[in-house]
Amino acid sequence: MHKGKFIFSQLCDYLPKRVYDCLVDKYEGNKYVKTFTCWNHLLVMLFGQLSNRESLRDLVTTLKPHQRFFHHLGFGKSVSRSNLSKANEVRDVNIFKLFAERMIALARTKRAGYKKDFFLDKKLYAFDSTTISLCLSVFWWTKLHHGKGGVKMHTLYDVKTDVPAFVIITDANVHDSKVMSEIPYEADSFYVFDRAYMSTKELYAIDKSKAYFIVREKHKMAYEVVEDRNYNNPETGIMADQIIGFTGNKTKKQYSRPLRRIVFYDKETNRTFVFYTNNMEISAENIALCYKFRWRCELFFKWLKQHLT
């Protein structure tokens, strides 16, 4: 006979239930509810993710043999596909969204100082997006192209803690650079972008917020060299380190300040990268290394798609 708490219940003890209850009260999640509360709803869906269930039917079928343990697991009296689907349909998404943001904040706090020997003493964020494919017959509102459906998840990834700091979900046809204005920029922090985010207007907004950006060149830009630092290091791959100013009609108007241009050759992939940044102090090698850590965001997307349903 089982004695003591289930492992699942022990894991759920770490959830800040009081915070969740406040959100439920704020958005009236339990209004007119008699049995299947918001807390029951959350725990059942968590169990579904942790046990890799593929659908509500699969989840309910898995839980049915263990109904006598529902009270101990926090699932309430009963779980059916109808009350699960109804709860998913009518309950305010902000209850779960804001609770997830609170959990992310707690996770970042716990992981603060994890990488004590990190080469950069300032905060480093990587921003990127991934498209999540969805069944068009069910999620009809996600139509993308060629009869496919999906949404795009834009994520600001905290490299030092290995925890996403900010997430926003949009239609899959929204261009990546259109979301840059939504990022909560922190002064004196570094933000790394791929070439899809080479928007001089948005980069200027980052500079005005007193944060630093590192972005890869999308296509050859029109510029003039204000200062050539004459720095070339074949051992580290740095081919050029320059202070430039844009000369194009549009780019000069949108970004009028000088910025730094670094050319880096990667021996491993036999590729040349051009980076732009508004930081004039740290070494060119560290700029290239910051961009390399952008890959941590890609690894997070890979983990997300492999482990979450």
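Predicted model: local features only at pLDDT ≥ 70, side-chain atom pairs only at ≥ 80, totals over all residues.
**Entry 1: α4 and α6**

I began with helix α4, residues 56–63, and helix α6, residues 81–90, whose axes lie 9 Å apart and whose packing angle is about 135 degrees. That angle makes α4 oblique to α6, since only angles over 145 degrees count as roughly antiparallel. I then looked up the handedness, and α4 passes α6 in a right-handed crossing. On the α4 side I listed Leu56, Arg57, Leu59 and Val60, which meet Arg81, Leu84, Ser85 and Asn88 of α6. I sorted the residues of this contact of α4 with α6 by class and noted 4 nonpolar, 2 polar and 2 charged.

**Entry 2: α2 and α7**

I went on to helix α2, residues 17–26, and helix α7, residues 93–111, which pack at about 150 degrees with their axes 9 Å apart. Here the angle makes α2 roughly antiparallel to α7. For the crossing of α2 and α7 I again wrote down right-handed. The contact draws on Val19, Tyr20, Leu23 and Val24 from α2, and on Ile95, Phe96, Leu98, Phe99 and Arg102 from α7. By class, the residues in the contact of α2 with α7 come to 8 nonpolar, no polar and 1 charged.

**Entry 3: the sheet**

I next traced the strand order, and found an open sheet of 9 strands with mixed pairing that reads β3-β2-β1-β4-β5-β9-β8-β7-β6. Its edge strands are β3 (163–171) and β6 (223–228), each of which pairs on one side only. I also noted that neighbouring strands of this sheet are turned against each other by 30 degrees on average, with direction ignored.

For one pair I looked at the bridges themselves: strand β7, residues 238–246, and strand β8, residues 259–266, run antiparallel and are joined by 6 bridges. As one point to locate on screen, I recorded that Asp241 has Ile262 in β8 as its bridge partner.

**Entry 4: helices on the sheet**

Which strands does helix α8 touch where it packs on the sheet? I found that α8, residues 200–208, touches β4 (190–193), β5 (212–216) and β7, and that its direction makes about 155 degrees with that of β5. I then turned to helix α11, residues 295–307, which also packs on the sheet and touches β1 (124–134), β2 (149–158) and β3. The direction of α11 makes about 135 degrees with that of β2.

Key: Residues numbered from 1 in each chain as written. Heavy atoms only, no water. Axes fitted to C-alpha atoms, helices over the stretch in contact; angles between N-to-C directions. Helix = DSSP H or I, 4+ residues; strand = E, 2+ residues; numbered from the N terminus. Parallel < 35°, antiparallel > 145°, perpendicular 65-115°, else oblique. Left-handed = near helix turned anticlockwise from the far one by under 90°. Contact = heavy atoms within 4.5 Å. Nonpolar A, V, L, I, M, F, W, Y, C, P; charged D, E, K, R; others polar. Pairing = 2+ DSSP bridges.
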